[in-house]
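This report describes a protein chain and two of its residues. The sequence and structure are shown first, and the description follows.

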Amino acid sequence: LLSSNSLPTMSDMIVAICAVVVSTYSLLLAGFHTYTKHDVSKRVSGISKTASIFLFLATLSVALSYFVPQINGTCLCQGWFSSALVLYVSSIFLMKYMYLERIKIFTR
């Protein structure tokens, strides 16, 4: 992450923009996939949507740490990083829970 006195370089901006574009694309793909007719439980579908949204917000938080590292001299890098970490970990556990729910449905 950036220090409070440095500005993002061009490569930092490109990486941040690409991360937001790719995460938006994956969020749209997940949205289109969950809105099509499937024989999937609504609970599994809801968990999938929530995990996709959490991943998108985590990527957005990391991108904001590049573009908005500070406001009025207050460094926001730690807050952006902490929120991204919590969202990434939460989404990974949601994905694990989603697969456990699928296994539970298949074993019935």
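## Two residues of helix 2

A polar atom of the Thr-59 side chain lies 3.0 Å from the backbone oxygen of Leu-55. The model is a predicted one, and Thr-59 belongs to helix 2, which covers residues 42-67. With a relative accessibility of 11%, Thr-59 falls under the 20% limit and therefore counts as buried. Beyond its neighbours within four places in sequence, Thr-59 is in contact with Ala-19, Val-20, Ser-23 and Tyr-88.

Ser-61 is also placed in helix 2. Its relative accessibility is 4%, so Ser-61 counts as buried. The side chains of Ser-61 and Ser-83 form a polar contact at 2.7 Å. When residues up to four places away in sequence are left out, Ser-61 touches Trp-80, Ser-83 and Ala-84.

The accessibility values of the two residues are set out below.

| Residue | Relative accessibility |
|---|---|
| Thr-59 | 11% |
| Ser-61 | 4% |

## The chain as a whole

The protein chain contains three helices and two strands, arranged from the N terminus in the order α-α-β-β-α. It has 108 residues, of which 27% count as buried. Among contacts in the protein chain with a separation of 6 or more, 74% involve residues 24 or more positions apart. The accessible surface of the protein chain amounts to about 7,600 Å², and carbon and sulfur atoms account for 70% of that surface.

How values were computed:
Residues numbered from 1 in each chain as written. Predicted model: local features only at pLDDT ≥ 70, side-chain atom pairs only at ≥ 80, totals over all residues. Heavy atoms only, no water. Helix = DSSP H or I, 4+ residues; strand = E, 2+ residues; numbered from the N terminus. Buried < 20%, exposed > 50% of the residue type's maximum accessible area, 1.4 Å probe, protein only. Polar contact = N/O pair within 3.5 Å; in protein donor to acceptor, adjacent residues only side chain to side chain. Contact = heavy atoms within 4.5 Å. Areas by Shrake-Rupley, 256 points an atom, 1.4 Å probe, with all protein chains shown as cover.
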